[in-house]
Amino acid sequence: MADDLFGGLPPPSSANPLPSSVPQQPKPKPKFAAFTTDSSSSTPSPAEAPQPVLKSALKKRKQPSEPNPVLKSALKRPKQPSEPNPEATVSGKKLRFKTTTDASEQQVIEAMQKIASHIKNSTKFGKASKLAIQLIQAGSVNAETSDYFFSILEAAMTSSTSCTDPSIRADIHALFSTAQDAYECLNKKQKNQLTTWTIRAVVANDLLTDDSFLFSKTARQVQEAISNLPVATEDDDRDESAVLKEETKTTDEDNLMKKDMTSEIPEEESDPFGLDAFLAASSVKKGDRVKGKKVATPKDREEEETKRFLKSQREALVLCLEIAARRYKIPWCQTVIDILAKHAFDNIRRFTSKQRNAIEKLWASIREQHNRRKQGKTVTGKLDMNGFEWLQEKYANEKISIRHSVGGSGDRKTEMWLG
(Lines give C-alpha, C1' and ligand atoms only; values in the text may rest on other atoms or scores of the structure.)
Protein backbone atom coordinates (compact mmCIF):
# COMPACT_ATOMS: atom_id res chain seq x y z
CA MET A 1 0.00 0.00 0.00
CA ALA A 2 2.94 2.28 0.63
CA ASP A 3 4.08 1.81 -2.95
CA ASP A 4 0.68 2.79 -4.32
CA LEU A 5 0.24 5.94 -2.31
CA PHE A 6 -1.08 8.08 -5.18
CA GLY A 7 -3.06 5.33 -6.77
CA GLY A 8 -6.36 6.29 -8.14
CA LEU A 9 -5.43 9.98 -8.39
CA PRO A 10 -5.04 11.70 -11.74
CA PRO A 11 -1.48 12.32 -12.74
CA PRO A 12 -0.21 15.83 -12.03
CA SER A 13 -0.34 18.16 -15.02
CA SER A 14 0.84 21.76 -15.41
CA ALA A 15 -1.87 22.38 -18.00
CA ASN A 16 -4.67 21.96 -15.45
CA PRO A 17 -6.43 25.28 -15.09
CA LEU A 18 -6.64 27.01 -11.75
CA PRO A 19 -9.98 27.59 -10.19
CA SER A 20 -12.02 30.30 -11.96
CA SER A 21 -12.25 32.28 -8.77
CA VAL A 22 -8.50 33.06 -8.81
CA PRO A 23 -7.54 34.82 -12.02
CA GLN A 24 -4.23 33.68 -13.38
CA GLN A 25 -1.85 36.43 -14.40
CA PRO A 26 -0.08 35.78 -17.68
CA LYS A 27 3.61 35.13 -17.43
CA PRO A 28 5.99 37.65 -18.89
CA LYS A 29 6.93 36.69 -22.40
CA PRO A 30 10.30 37.08 -23.99
CA LYS A 31 10.63 39.50 -26.77
CA PHE A 32 11.92 36.81 -29.12
CA ALA A 33 10.85 33.25 -29.48
CA ALA A 34 13.39 30.59 -28.55
CA PHE A 35 14.20 27.98 -31.17
CA THR A 36 15.97 24.68 -30.53
CA THR A 37 18.94 23.59 -32.52
CA ASP A 38 17.90 19.96 -32.47
CA SER A 39 16.45 19.22 -35.80
CA SER A 40 15.43 15.67 -34.92
CA SER A 41 12.60 16.68 -32.55
CA SER A 42 10.24 19.12 -34.25
CA THR A 43 7.34 18.84 -31.77
CA PRO A 44 7.76 19.51 -28.05
CA SER A 45 7.04 16.82 -25.51
CA PRO A 46 4.13 17.20 -23.14
CA ALA A 47 6.45 17.74 -20.21
CA GLU A 48 8.09 20.79 -21.78
CA ALA A 49 7.02 24.38 -21.09
CA PRO A 50 4.52 25.95 -23.55
CA GLN A 51 5.85 28.12 -26.34
CA PRO A 52 5.80 31.88 -25.72
CA VAL A 53 2.80 33.77 -27.10
CA LEU A 54 2.96 37.18 -28.77
CA LYS A 55 1.59 40.25 -26.91
CA SER A 56 -0.88 40.98 -29.63
CA ALA A 57 -2.49 37.58 -29.05
CA LEU A 58 -2.98 38.28 -25.32
CA LYS A 59 -4.71 41.63 -25.83
CA LYS A 60 -8.39 41.73 -25.13
CA ARG A 61 -10.31 41.65 -28.26
CA LYS A 62 -12.54 44.62 -28.92
CA GLN A 63 -16.20 44.04 -28.96
CA PRO A 64 -17.65 44.57 -32.39
CA SER A 65 -19.14 48.04 -32.48
CA GLU A 66 -22.49 48.80 -33.94
CA PRO A 67 -22.48 49.10 -37.73
CA ASN A 68 -22.40 52.56 -39.21
CA PRO A 69 -25.77 53.85 -40.35
CA VAL A 70 -26.41 53.39 -44.02
CA LEU A 71 -27.05 56.50 -46.08
CA LYS A 72 -30.36 56.87 -47.83
CA SER A 73 -28.59 57.54 -51.10
CA ALA A 74 -26.94 54.09 -50.89
CA LEU A 75 -30.35 52.43 -50.52
CA LYS A 76 -31.65 54.02 -53.72
CA ARG A 77 -32.01 51.78 -56.67
CA PRO A 78 -29.32 52.55 -59.24
CA LYS A 79 -30.60 54.06 -62.44
CA GLN A 80 -30.70 51.79 -65.37
CA PRO A 81 -28.61 53.08 -68.27
CA SER A 82 -30.97 54.54 -70.82
CA GLU A 83 -30.72 53.53 -74.40
CA PRO A 84 -28.56 55.89 -76.44
CA ASN A 85 -30.34 58.20 -78.85
CA PRO A 86 -29.29 57.13 -82.35
CA GLU A 87 -29.76 60.65 -83.76
CA ALA A 88 -27.60 62.23 -81.07
CA THR A 89 -24.96 59.55 -81.60
CA VAL A 90 -24.85 60.20 -85.30
CA SER A 91 -24.76 63.98 -85.11
CA GLY A 92 -22.36 64.10 -82.14
CA LYS A 93 -23.72 67.53 -81.07
CA LYS A 94 -25.01 68.64 -77.70
CA LEU A 95 -28.65 69.37 -77.14
CA ARG A 96 -29.38 73.04 -77.71
CA PHE A 97 -32.58 75.02 -77.46
CA LYS A 98 -33.49 77.33 -80.32
CA THR A 99 -33.76 80.93 -79.19
CA THR A 100 -34.65 82.31 -82.61
CA THR A 101 -37.05 81.28 -85.30
CA ASP A 102 -36.22 81.13 -88.97
CA ALA A 103 -38.45 83.69 -90.62
CA SER A 104 -39.30 83.57 -94.28
CA GLU A 105 -38.41 86.39 -96.63
CA GLN A 106 -42.01 87.58 -96.74
CA GLN A 107 -42.15 87.76 -92.94
CA VAL A 108 -38.90 89.77 -92.86
CA ILE A 109 -40.28 92.20 -95.44
CA GLU A 110 -43.50 92.67 -93.47
CA ALA A 111 -41.50 93.25 -90.30
CA MET A 112 -39.34 95.89 -92.03
CA GLN A 113 -42.41 97.69 -93.36
CA LYS A 114 -43.92 97.74 -89.89
CA ILE A 115 -40.70 99.06 -88.34
CA ALA A 116 -40.47 101.79 -90.98
CA SER A 117 -43.99 102.95 -90.14
CA HIS A 118 -43.27 103.16 -86.39
CA ILE A 119 -39.74 104.54 -86.38
CA LYS A 120 -40.95 107.99 -87.47
CA ASN A 121 -42.61 108.36 -84.07
CA SER A 122 -40.07 109.64 -81.53
CA THR A 123 -41.82 107.81 -78.66
CA LYS A 124 -41.47 104.48 -80.50
CA PHE A 125 -38.06 105.19 -82.01
CA GLY A 126 -36.10 103.30 -79.36
CA LYS A 127 -38.03 100.05 -79.66
CA ALA A 128 -38.23 100.19 -83.46
CA SER A 129 -34.49 100.84 -83.80
CA LYS A 130 -33.67 97.86 -81.56
CA LEU A 131 -35.83 95.60 -83.74
CA ALA A 132 -34.04 96.88 -86.84
CA ILE A 133 -30.67 96.15 -85.22
CA GLN A 134 -31.81 92.59 -84.48
CA LEU A 135 -32.69 92.10 -88.15
CA ILE A 136 -29.20 93.24 -89.17
CA GLN A 137 -27.48 90.99 -86.64
CA ALA A 138 -29.61 88.02 -87.69
CA GLY A 139 -28.45 88.43 -91.29
CA SER A 140 -31.93 89.19 -92.60
CA VAL A 141 -30.69 92.09 -94.75
CA ASN A 142 -29.68 90.86 -98.19
CA ALA A 143 -30.03 91.92 -101.82
CA GLU A 144 -33.75 91.05 -101.85
CA THR A 145 -34.63 92.93 -98.65
CA SER A 146 -32.13 95.80 -98.93
CA ASP A 147 -34.71 98.25 -100.33
CA TYR A 148 -37.07 97.64 -97.43
CA PHE A 149 -34.23 98.01 -94.96
CA PHE A 150 -33.18 101.26 -96.60
CA SER A 151 -36.72 102.55 -96.13
CA ILE A 152 -36.23 102.07 -92.36
CA LEU A 153 -33.10 104.23 -92.41
CA GLU A 154 -34.82 106.83 -94.58
CA ALA A 155 -37.79 106.99 -92.22
CA ALA A 156 -35.43 107.39 -89.26
CA MET A 157 -33.65 110.33 -90.90
CA THR A 158 -36.80 112.04 -92.16
CA SER A 159 -38.30 112.06 -88.68
CA SER A 160 -39.28 115.41 -87.25
CA THR A 161 -36.84 114.84 -84.37
CA SER A 162 -33.24 115.88 -84.99
CA CYS A 163 -30.46 113.28 -84.96
CA THR A 164 -28.73 115.08 -82.10
CA ASP A 165 -31.84 115.25 -79.93
CA PRO A 166 -31.04 113.77 -76.50
CA SER A 167 -34.16 111.56 -76.55
CA ILE A 168 -33.05 109.53 -79.60
CA ARG A 169 -29.33 110.29 -79.74
CA ALA A 170 -28.13 106.94 -78.38
CA ASP A 171 -30.63 104.85 -80.36
CA ILE A 172 -29.93 106.47 -83.72
CA HIS A 173 -26.18 106.22 -83.07
CA ALA A 174 -26.50 102.48 -82.43
CA LEU A 175 -28.76 101.96 -85.47
CA PHE A 176 -26.47 103.60 -88.01
CA SER A 177 -23.35 102.10 -86.45
CA THR A 178 -24.83 98.63 -86.88
CA ALA A 179 -26.12 99.49 -90.36
CA GLN A 180 -22.50 99.47 -91.59
CA ASP A 181 -22.68 95.65 -91.49
CA ALA A 182 -25.29 95.76 -94.28
CA TYR A 183 -23.34 98.27 -96.38
CA GLU A 184 -22.41 95.77 -99.08
CA CYS A 185 -26.06 94.79 -99.67
CA LEU A 186 -26.99 98.29 -100.91
CA ASN A 187 -26.59 99.81 -104.34
CA LYS A 188 -24.31 102.75 -105.09
CA LYS A 189 -26.92 105.44 -104.54
CA GLN A 190 -27.98 103.90 -101.22
CA LYS A 191 -24.33 103.57 -100.13
CA ASN A 192 -23.73 107.28 -100.76
CA GLN A 193 -26.84 108.20 -98.82
CA LEU A 194 -25.87 105.93 -95.93
CA THR A 195 -22.43 107.59 -95.78
CA THR A 196 -24.04 111.01 -95.45
CA TRP A 197 -26.51 109.82 -92.84
CA THR A 198 -23.69 108.22 -90.86
CA ILE A 199 -21.94 111.60 -90.62
CA ARG A 200 -25.11 113.17 -89.24
CA ALA A 201 -26.15 110.31 -86.92
CA VAL A 202 -22.81 108.95 -85.68
CA VAL A 203 -20.05 111.52 -86.18
CA ALA A 204 -22.14 114.50 -85.11
CA ASN A 205 -23.29 112.69 -81.96
CA ASP A 206 -19.73 111.67 -81.14
CA LEU A 207 -18.84 115.36 -81.03
CA LEU A 208 -21.31 115.72 -78.15
CA THR A 209 -19.47 113.18 -76.01
CA ASP A 210 -17.86 113.76 -72.61
CA ASP A 211 -14.87 111.58 -73.52
CA SER A 212 -11.91 113.71 -74.57
CA PHE A 213 -10.28 110.82 -76.45
CA LEU A 214 -13.42 110.12 -78.50
CA PHE A 215 -13.86 113.84 -79.18
CA SER A 216 -10.32 114.13 -80.54
CA LYS A 217 -10.76 110.99 -82.64
CA THR A 218 -14.03 112.29 -84.14
CA ALA A 219 -12.48 115.66 -84.89
CA ARG A 220 -9.73 113.90 -86.87
CA GLN A 221 -12.40 112.01 -88.82
CA VAL A 222 -14.05 115.31 -89.75
CA GLN A 223 -10.69 116.71 -90.86
CA GLU A 224 -10.05 113.70 -93.08
CA ALA A 225 -13.52 113.96 -94.61
CA ILE A 226 -12.95 117.64 -95.39
CA SER A 227 -9.59 116.85 -96.99
CA ASN A 228 -11.22 114.20 -99.21
CA LEU A 229 -13.75 116.65 -100.64
CA PRO A 230 -13.08 117.93 -104.14
CA VAL A 231 -12.69 121.62 -104.78
CA ALA A 232 -16.07 123.29 -105.32
CA THR A 233 -16.63 124.60 -108.85
CA GLU A 234 -18.72 127.46 -110.21
CA ASP A 235 -21.33 124.95 -111.30
CA ASP A 236 -21.73 123.91 -107.66
CA ASP A 237 -22.26 127.53 -106.67
CA ARG A 238 -24.84 128.03 -109.41
CA ASP A 239 -26.68 124.86 -108.45
CA GLU A 240 -26.73 125.99 -104.84
CA SER A 241 -28.13 129.41 -105.71
CA ALA A 242 -30.76 127.81 -107.95
CA VAL A 243 -31.82 125.49 -105.15
CA LEU A 244 -32.07 128.43 -102.75
CA LYS A 245 -34.27 130.36 -105.19
CA GLU A 246 -36.47 127.31 -105.70
CA GLU A 247 -36.83 126.84 -101.95
CA THR A 248 -37.71 130.49 -101.48
CA LYS A 249 -40.29 130.33 -104.27
CA THR A 250 -41.82 127.17 -102.83
CA THR A 251 -42.05 128.75 -99.39
CA ASP A 252 -43.79 131.82 -100.83
CA GLU A 253 -46.27 129.67 -102.72
CA ASP A 254 -47.05 127.66 -99.59
CA ASN A 255 -47.68 130.81 -97.61
CA LEU A 256 -49.93 132.19 -100.35
CA MET A 257 -51.87 128.91 -100.46
CA LYS A 258 -52.42 129.01 -96.73
CA LYS A 259 -53.72 132.57 -96.93
CA ASP A 260 -56.17 131.63 -99.69
CA MET A 261 -57.45 128.66 -97.71
CA THR A 262 -58.00 130.72 -94.57
CA SER A 263 -59.97 133.40 -96.46
CA GLU A 264 -63.78 133.21 -96.70
CA ILE A 265 -65.08 130.92 -99.43
CA PRO A 266 -68.53 131.50 -101.11
CA GLU A 267 -70.75 128.44 -100.94
CA GLU A 268 -72.24 128.74 -104.49
CA GLU A 269 -68.91 128.72 -106.31
CA SER A 270 -68.29 125.56 -108.29
CA ASP A 271 -64.52 126.02 -107.93
CA PRO A 272 -64.11 127.63 -104.50
CA PHE A 273 -60.35 127.06 -104.30
CA GLY A 274 -59.58 128.11 -107.86
CA LEU A 275 -57.76 124.88 -108.59
CA ASP A 276 -59.15 124.19 -112.08
CA ALA A 277 -57.08 126.86 -113.75
CA PHE A 278 -54.06 126.00 -111.65
CA LEU A 279 -54.24 122.32 -112.55
CA ALA A 280 -54.78 123.05 -116.22
CA ALA A 281 -51.83 125.43 -116.35
CA SER A 282 -49.60 123.05 -114.45
CA SER A 283 -50.53 120.15 -116.71
CA VAL A 284 -49.76 122.19 -119.83
CA LYS A 285 -46.41 123.31 -118.40
CA LYS A 286 -45.60 119.76 -117.42
CA GLY A 287 -46.36 118.54 -120.94
CA ASP A 288 -44.16 121.22 -122.41
CA ARG A 289 -41.36 120.28 -120.09
CA VAL A 290 -41.66 116.59 -121.02
CA LYS A 291 -41.50 117.38 -124.71
CA GLY A 292 -38.54 119.68 -124.39
CA LYS A 293 -36.68 117.62 -121.78
CA LYS A 294 -33.57 115.81 -122.86
CA VAL A 295 -33.42 112.10 -122.18
CA ALA A 296 -30.82 111.51 -119.47
CA THR A 297 -28.09 109.02 -120.22
CA PRO A 298 -26.57 106.73 -117.58
CA LYS A 299 -23.53 108.99 -117.49
CA ASP A 300 -25.68 112.04 -116.81
CA ARG A 301 -27.52 110.23 -114.04
CA GLU A 302 -24.23 109.22 -112.47
CA GLU A 303 -22.94 112.79 -112.55
CA GLU A 304 -26.17 114.05 -111.02
CA GLU A 305 -25.91 111.48 -108.23
CA THR A 306 -22.28 112.48 -107.56
CA LYS A 307 -23.26 116.14 -107.27
CA ARG A 308 -26.11 115.32 -104.93
CA PHE A 309 -23.84 113.18 -102.76
CA LEU A 310 -21.15 115.89 -102.52
CA LYS A 311 -23.76 118.50 -101.68
CA SER A 312 -25.26 116.44 -98.84
CA GLN A 313 -21.80 115.49 -97.56
CA ARG A 314 -20.68 119.14 -97.41
CA GLU A 315 -23.85 120.06 -95.51
CA ALA A 316 -23.27 117.26 -93.00
CA LEU A 317 -19.66 118.36 -92.40
CA VAL A 318 -20.72 121.97 -91.86
CA LEU A 319 -23.22 120.69 -89.29
CA CYS A 320 -20.38 118.90 -87.47
CA LEU A 321 -18.32 122.12 -87.45
CA GLU A 322 -21.21 124.06 -85.94
CA ILE A 323 -21.74 121.43 -83.23
CA ALA A 324 -18.04 121.47 -82.35
CA ALA A 325 -17.96 125.28 -82.22
CA ARG A 326 -20.83 125.35 -79.72
CA ARG A 327 -18.72 123.29 -77.30
CA TYR A 328 -15.89 125.82 -77.15
CA LYS A 329 -16.83 126.79 -73.60
CA ILE A 330 -15.54 123.43 -72.34
CA PRO A 331 -11.82 123.85 -71.56
CA TRP A 332 -10.61 120.43 -72.75
CA CYS A 333 -12.39 120.89 -76.10
CA GLN A 334 -10.83 124.23 -76.99
CA THR A 335 -7.50 123.09 -78.43
CA VAL A 336 -9.13 120.41 -80.58
CA ILE A 337 -11.73 122.86 -81.87
CA ASP A 338 -9.02 125.40 -82.70
CA ILE A 339 -7.26 122.84 -84.88
CA LEU A 340 -10.50 121.66 -86.50
CA ALA A 341 -11.75 125.16 -87.34
CA LYS A 342 -8.31 126.16 -88.69
CA HIS A 343 -8.28 123.08 -90.92
CA ALA A 344 -11.77 123.86 -92.24
CA PHE A 345 -10.77 127.48 -92.95
CA ASP A 346 -7.63 126.37 -94.80
CA ASN A 347 -9.76 124.08 -97.01
CA ILE A 348 -12.60 126.55 -97.45
CA ARG A 349 -12.39 126.29 -101.26
CA ARG A 350 -13.80 122.78 -101.00
CA PHE A 351 -17.18 124.20 -99.96
CA THR A 352 -19.82 126.20 -101.85
CA SER A 353 -20.34 129.95 -101.52
CA LYS A 354 -23.01 129.82 -98.79
CA GLN A 355 -21.03 127.27 -96.83
CA ARG A 356 -17.87 129.35 -97.20
CA ASN A 357 -19.61 132.31 -95.57
CA ALA A 358 -20.70 130.11 -92.66
CA ILE A 359 -17.16 128.74 -92.19
CA GLU A 360 -15.65 132.25 -92.28
CA LYS A 361 -18.00 133.44 -89.54
CA LEU A 362 -17.31 130.34 -87.50
CA TRP A 363 -13.54 130.76 -87.80
CA ALA A 364 -13.75 134.45 -86.88
CA SER A 365 -15.69 133.62 -83.72
CA ILE A 366 -13.29 130.87 -82.67
CA ARG A 367 -10.23 132.99 -83.42
CA GLU A 368 -11.59 135.78 -81.23
CA GLN A 369 -12.15 133.39 -78.35
CA HIS A 370 -8.69 131.94 -78.92
CA ASN A 371 -7.13 135.40 -78.61
CA ARG A 372 -9.00 135.94 -75.35
CA ARG A 373 -7.55 132.73 -74.01
CA LYS A 374 -4.07 133.94 -74.88
CA GLN A 375 -4.70 137.07 -72.83
CA GLY A 376 -5.77 134.93 -69.86
CA LYS A 377 -9.48 135.61 -70.31
CA THR A 378 -12.37 133.19 -70.55
CA VAL A 379 -14.66 132.90 -73.54
CA THR A 380 -16.99 135.40 -71.88
CA GLY A 381 -14.28 138.09 -71.82
CA LYS A 382 -13.47 137.92 -68.11
CA LEU A 383 -10.03 137.09 -66.82
CA ASP A 384 -9.44 133.42 -66.39
CA MET A 385 -8.67 132.50 -62.79
CA ASN A 386 -8.47 129.43 -60.62
CA GLY A 387 -10.51 128.69 -57.50
CA PHE A 388 -8.10 130.39 -55.11
CA GLU A 389 -7.97 133.58 -57.18
CA TRP A 390 -11.75 133.65 -57.42
CA LEU A 391 -12.12 133.36 -53.63
CA GLN A 392 -9.40 135.95 -53.15
CA GLU A 393 -11.27 138.42 -55.34
CA LYS A 394 -14.57 137.62 -53.64
CA TYR A 395 -13.34 138.28 -50.09
CA ALA A 396 -11.01 141.18 -50.95
CA ASN A 397 -13.67 143.79 -50.14
CA GLU A 398 -15.61 141.81 -47.56
CA LYS A 399 -15.75 143.13 -43.96
CA ILE A 400 -14.75 140.19 -41.80
CA SER A 401 -14.11 140.45 -38.04
CA ILE A 402 -10.81 139.22 -36.68
CA ARG A 403 -12.76 137.70 -33.79
CA HIS A 404 -15.07 135.56 -35.94
CA SER A 405 -18.69 136.35 -34.94
CA VAL A 406 -17.98 139.37 -32.68
CA GLY A 407 -18.23 142.65 -34.54
CA GLY A 408 -19.21 141.18 -37.86
CA SER A 409 -19.02 144.54 -39.58
CA GLY A 410 -15.31 144.73 -38.87
CA ASP A 411 -15.51 148.10 -37.03
CA ARG A 412 -13.82 146.68 -33.86
CA LYS A 413 -16.35 148.32 -31.49
CA THR A 414 -15.98 145.45 -29.04
CA GLU A 415 -12.28 145.89 -28.33
CA MET A 416 -12.99 148.00 -25.20
CA TRP A 417 -14.90 145.40 -23.19
CA LEU A 418 -12.94 142.48 -24.52
CA GLY A 419 -9.69 144.00 -23.34
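Is W332 buried, exposed or partly exposed? W332 is partly exposed, because its relative accessible area is 35%, which falls between the 20% limit for buried and the 50% limit for exposed. The model is predicted. Its protein chain holds 16 helices and zero strands. Of the 419 residues in the chain, 25% are buried. Among contacts between residues at least 6 apart in sequence, 67% join residues at least 24 apart.

**Helices α12 and α14**

- Two packed helices are described by the angle between their axes and the distance between the axes.
- Helix α12 covers residues 298-325, and helix α14 covers residues 353-374. They pack at an angle of about 15°. Their axes are 11 Å apart.
- That angle makes α12 roughly parallel to α14, because angles under 35 degrees count as roughly parallel.
- The crossing of α12 past α14 is left-handed.
- On the α12 side, the contact is made by K311, R314, E315, V318, L321, E322 and A325. On the α14 side, Q355, I359, L362 and I366 take part.
- The residues of this contact of α12 with α14 divide into six nonpolar, one polar and four charged.

**Helices α4 and α6**

- Helix α4 spans residues 105-118, and helix α6 spans residues 146-157. The angle between them is about 10°. Their axes lie 9 Å apart.
- With that angle, α4 is roughly parallel to α6.
- From α4, the contact uses I109, M112, Q113, I115 and A116. From α6, it uses Y148, F149, S151, I152 and A155.
- What kinds of residue make up the contact of α4 with α6? They divide into eight nonpolar, two polar and no charged.

**Aromatic rings**

- A pair of aromatic rings is described by the distance of the centres and the angle of the planes.
- The count comes to four aromatic pairs.
- F150 and W197 form one of them, and this pair is stacked. The rings are 5.2 Å apart, centre to centre. Their planes stand at 25° to each other.
- F150 sits in helix α6 and W197 in helix α8. The two residues are 47 residues apart, and the pair links distant parts of the chain.
- F150 is buried, with a relative accessible area of 12%. W197 is buried too, with a value of 9%. Both count as buried because the cut-off is under 20%.
- The rings of F215 and W332 also pair, with centres 5.8 Å apart. Their planes are at 85°, so the pair is edge-to-face. The cut-off for that label is over 60 degrees.
- F215 lies in helix α9 (residues 212-227), and W332 lies in helix α13 (residues 331-346). The pair therefore ties together parts that are 117 residues apart in sequence.
- Is F215 buried or exposed? F215 is buried, with a relative accessible area of 1%.

**T196 in helix α8**

- T196 is found in helix α8, which covers residues 188-206.
- T196 counts as buried, because its relative accessibility is 3%.
- Which residues does T196 contact, leaving aside its neighbours within four places in sequence? They are F309, S312, Q313 and A316.

- Q221 is found in helix α9. At 36% relative accessibility, Q221 counts as partly exposed.
- Q221 and V203 are 18 residues apart in sequence. In space they are 8.1 Å apart, C-alpha to C-alpha.
- L319 lies in helix α12. Its relative accessibility is 25%, so L319 counts as partly exposed.
- How many residues separate L319 and A204 in sequence? They are 115 residues apart in sequence, and 7.5 Å apart in space from C-alpha to C-alpha.

Technical notes: Residues numbered from 1 in each chain as written. Predicted model: local features only at pLDDT ≥ 70, side-chain atom pairs only at ≥ 80, totals over all residues. Heavy atoms only, no water. Axes fitted to C-alpha atoms, helices over the stretch in contact; angles between N-to-C directions. Helix = DSSP H or I, 4+ residues; strand = E, 2+ residues; numbered from the N terminus. Parallel < 35°, antiparallel > 145°, perpendicular 65-115°, else oblique. Left-handed = near helix turned anticlockwise from the far one by under 90°. Contact = heavy atoms within 4.5 Å. Nonpolar A, V, L, I, M, F, W, Y, C, P; charged D, E, K, R; others polar. Buried < 20%, exposed > 50% of the residue type's maximum accessible area, 1.4 Å probe, protein only. Phe/Tyr/Trp six-rings, centres within 6.5 Å; stacked < 30°, edge-to-face > 60°.
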